[in-house]
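The following paragraphs guide the reader through a structural model, one region at a time. Please keep the sequence and the structure in view while reading.

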Amino acid sequence: MAKPRNALRGPLDYGKSPLLIGFGIVVFVLLYAPIIQLIAFSFNDSKRNIVWQGFTTKYYRVAWENAALVEAFTNSIAIAIMCTIFATIIGTATALWLWRFRFPFKAAAEGVMALPIVIPEICMGIAVLVMYSRVGGWMRTFESGPIHWWNELFSIWPLNLAAITAAHIAFSFPFVAVVVRARLAGFNRELEEASKDLGASEWQTFVNVVLPYMKPGIIAGALLAFTLSLDDFVITFFTAGPETNTFPVKVYSLVRRGVSPDINAASTVLIVITLVATVIAMRLQQQPDKSKG
Amino acid sequence: MQPIISIQNVTKRYPGVIAVDNVSFDIMPNEFFALLGPSGCGKTTLLRMIAGLETGGEGGILLDGQNMAGVPANQRPVNMVFQSYAVFPHMTVRDNVAYGLKVTGTPSAEIGPRVEDALEMVQMGAMADRKPDQLSGGQRQRVALARALVKRPKVLLLDEPLSALDAKLREHMQLELARLQQAIGITFIIVTHDQDEALSMADRIAVMEKGQVRQIAGPEELYEKPKSRFVADFIGKINLIEAEVSGAAKTGLTCTAKGLGKVTVPHDGAASGKVFLAVRPEKLDLLAKAPTSKTNISVKGEIRDFAYYGDVSNVFVTCADGLELAVNVQNDRAVDGLLEKGRTVWLSWHPEDTLVLTQ
């Protein structure tokens with residue numbers, strides 16, 4: 001049906017309001033302009049990278065040849081992967097525990113679990129630093145003792161990143177737990193009972209019925225943990241040693257000497273990796289998941 | 001004959017409530033048995049106890065002679081159709097039906113044909129590869145049925161299976177469930193709050209209230225000879241008339257009833273003091289003139305209101321002493337021109353149709 005040109009807008013027809021459209025454009029520009037500019041200037045043929053000089057991809061090679069930058073980058077990826085695996089397992093288990101069982105002070109436990117989400121990162125960074133220096137001092141007294149092999153083991157890559165990884169797991173697993181817990185809240189308990197009624201054991205029920213239901217939550221939580229770990233600066237800054245730099249910390253130290261295009265290039269690669277991970281995760285989630293059977 | 005299920009002094013307490021209160025009864029093989037009652041009467045709890053989904057009760061549940069105490073749900077030879085159907089959303093129809101066989105290690109050569117048979121039985125063979133979100137409510141219920149029946153249970157438990165369906169489909173499924181039960185010849189236990197459902201499908205019905213079984217009987221006996229006011233009122237509609245027993249006659253009890261005066265009604269047992277006379281609305285005749293019959297109980301009244309349903313009408317008549325009686329009449333020529341607010345009419349019924357309820 002053809003509409004008259006100046007048809008009156010319906011009460012919920014916000015999409016036609018010029019003011020709202022303009023507002024939307026402003027929001028998008030403010031959100032994405034810096035990122036687009038970052039990506040664009042990674043192709044800028046200029047050392048100081050302030051004015052556009054011409055297109056080049058050479059700074060990707062420069063970044064690639066910067067051993068310290070590449071090392072920090074691989075460290076970041078390794079930490080993010082390890083953190084994702086452990087945070088997802090611990091977070092999922094926590095969510096299941098909070099969902100499945102009744103115990104005293106459950107509400108308190110739920111609150112305490114979510115605490116790392118609200119604690120200022122700077123506080124958490126300092127807390128972790130203080131704890132590590134205490135543990136480190138304690139470890140050093142055993143330097144020549146029976147756990148000497150332990151220190152040696154943890155100087156091998158990627159185990160030398162264990163301190164940072166542990167800190168990352170600590171602040172990212174509550175996010176996984178919260179997401180999975182929210183997903184489980186919509187679970188129809190009769191599905192679990194139906195499975196047992198049909199002869200399945202507790203474990204078979206978990207694997208065949210509960211786990212598939214949780215899957216979208218687990219994937220979303222894992223993605224959250226991955227990106228949180230990948231770009232964390234504050235906590236990492238306090239826990240990174242001279243040998244164990246991560247990408248954000250390295251970039252911070254480089255930027256103090258001016259933003260060169262190779263940093264833009266490396267950042268672009270990081271953005272692409274995050275985007276690809278997000279797309280994969282969303283694809284995995286795109287399966288029918290009606291909560292009611 | 002040995003009962004397939006024997007409920008013996010079963011009690012289930014929750015903090016502050018007794019959900020099932022010392023219930024005992026037997027269910028025979030091949031019976032279509034209904035647990036009927038208002039919500040919160042303990043019928044679902046009892047069903048879940050039979051399934052093993054509710055633990056921690058007292059008393060014994062014997063299944064085919066075997067005590068089920070301590071036997072977990074996944075090892076009981078019963079299967080359940082859940083109220084929400086609980087069809088696994090991430091599996092196809094076929095995988096849903098095969099699930100119960102797979103997890104118990106049935107040889108895969110046997111699973112295929114059994115699943116196909118079960119799907120055929122509920123006429124879902126053509127939809128075997130669909131996911132539950134592509135099915136209607138009625139189809140999902142068929143999947144839940146097939147999934148339970150493929151396990152060849154000794155008893156099939158159905159928890160309010162029709163409550164989520166619309167009226168037309170519900171009627172259709174009532175017939176179909178009854179047909180299915182006769183075809184496969186296993187015991188069905190159905191939990192329902194809908195008296196029509198219980199009356200039309202079940203061989204025997206246990207009416208429950210507040211955790212206790214009030215009466216167990218076949219549909220007709222339950223309707224015609226309810227033993228208590230609760231059962232009489234819960235199953236269908238009934239007129240309850242307060243009365244006082246004044247003496248026993250050869251033909252029954254003589255009582256003085258509100259609005260009726262002295263009446264004599266047949267009664268088997270003894271009764272004294274306050275009782276209720278109960279009569280179903282369809283047993284009453286609505287007449288324009290005083291009836292000539294001397295044997296019938298009759299009373300004069302005035303039409304207060306009526307509801308017209310096409311084939312029948314429900315007429316509410318106010319009699320002397322503020323007695324209110326409901327009458328169901330067929331809308332045939334006999335009532336032509338009779339249905340009119342404020343009109344004086346006569347009600348008449350046979351004393352045999354009157355029940356004396358003492359509790």
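This is a predicted model: local features need pLDDT of at least 70, side-chain atom pairs count only at pLDDT 80 or more; totals for chains, interfaces and linings use all residues.

In β19(B), the side chains alternate between two faces.

In chain B, 5 strands form an open sheet, in the order β15-β19-β16-β17-β18, with antiparallel pairing. At its edges lie β15 (285–287) and β18 (324–330) of chain B, each of which pairs on one side only. From one strand to the next, the twist averages 45°.

The view may now be widened to chain B as a whole. Its secondary structure amounts to 8 helices and 20 strands. The C-alpha trace of chain B spans about 75 × 45 × 40 Å along its principal axes. Chain B has 359 residues, of which 38% count as buried. Where contacts in chain B join residues at least 6 apart in sequence, 64% of them are between residues at least 24 apart.

Among the helices of chain B, α2(B) packs with helix α3 of chain B, residues 108–121, at an angle of about 130°, and their axes are 10 Å apart. At that angle, α2(B) is therefore oblique to α3(B). The crossing of the two is right-handed. From α2(B), the contact involves Arg94(B), Val97(B), Ala98(B), Leu101(B) and Lys102(B); from α3(B), it involves Ile111(B), Arg114(B), Val115(B), Ala118(B) and Leu119(B). By class, 7 of these residues are nonpolar and 3 are charged, with no polar residues.

Which residues bring the two chains together? In chain B, 23 residues are in contact with 19 residues of chain A. On the chain B side, the elements that give two or more residues are β6 (78–81) and α2 (93–102). The residues on this side comprise 13 nonpolar, 6 polar and 4 charged.

Helix α4 of chain A, residues 106–118, and helix α7 of chain A, residues 162–185, pack at an angle of about 120°, with their axes 8 Å apart. The two helices are therefore oblique to each other, and their crossing is left-handed. In α4(A), the residues that take part are Met113(A), Ala114(A), Pro116(A) and Ile117(A). They meet Ala170(A), Phe171(A), Pro174(A), Phe175(A), Ala177(A) and Val178(A) in α7(A). The contact of α4(A) with α7(A) has 10 nonpolar residues, with no polar and no charged ones.

Terms used
Residues are numbered from 1 along each chain as its sequence is written. Chains are lettered from A and ligands numbered from 1 in the order in which they are written. Two strands pair if DSSP finds at least two bridges between them. Helices (H or I, at least four residues) and strands (E, at least two) are DSSP runs, numbered from the N terminus. Axes are lines fitted to C-alpha atoms, for helices over the stretch in contact, and angles run from 0 to 180 degrees between N-to-C directions. Two residues are in contact if their C-beta atoms, placed from the backbone, lie within 7 Å. Ala, Val, Leu, Ile, Met, Phe, Trp, Tyr, Cys and Pro count as nonpolar, Asp, Glu, Lys and Arg as charged, and the others, Gly among them, as polar. A residue is buried if 20 or more other C-beta atoms lie within 10 Å of its own, exposed if 12 or fewer, and partly exposed in between; C-beta atoms are placed from the backbone. Angles under 35 degrees count as roughly parallel, over 145 as roughly antiparallel, 65 to 115 as roughly perpendicular and the rest as oblique. A crossing is left-handed if the near helix is turned anticlockwise from the far one by less than a right angle, and right-handed if clockwise.
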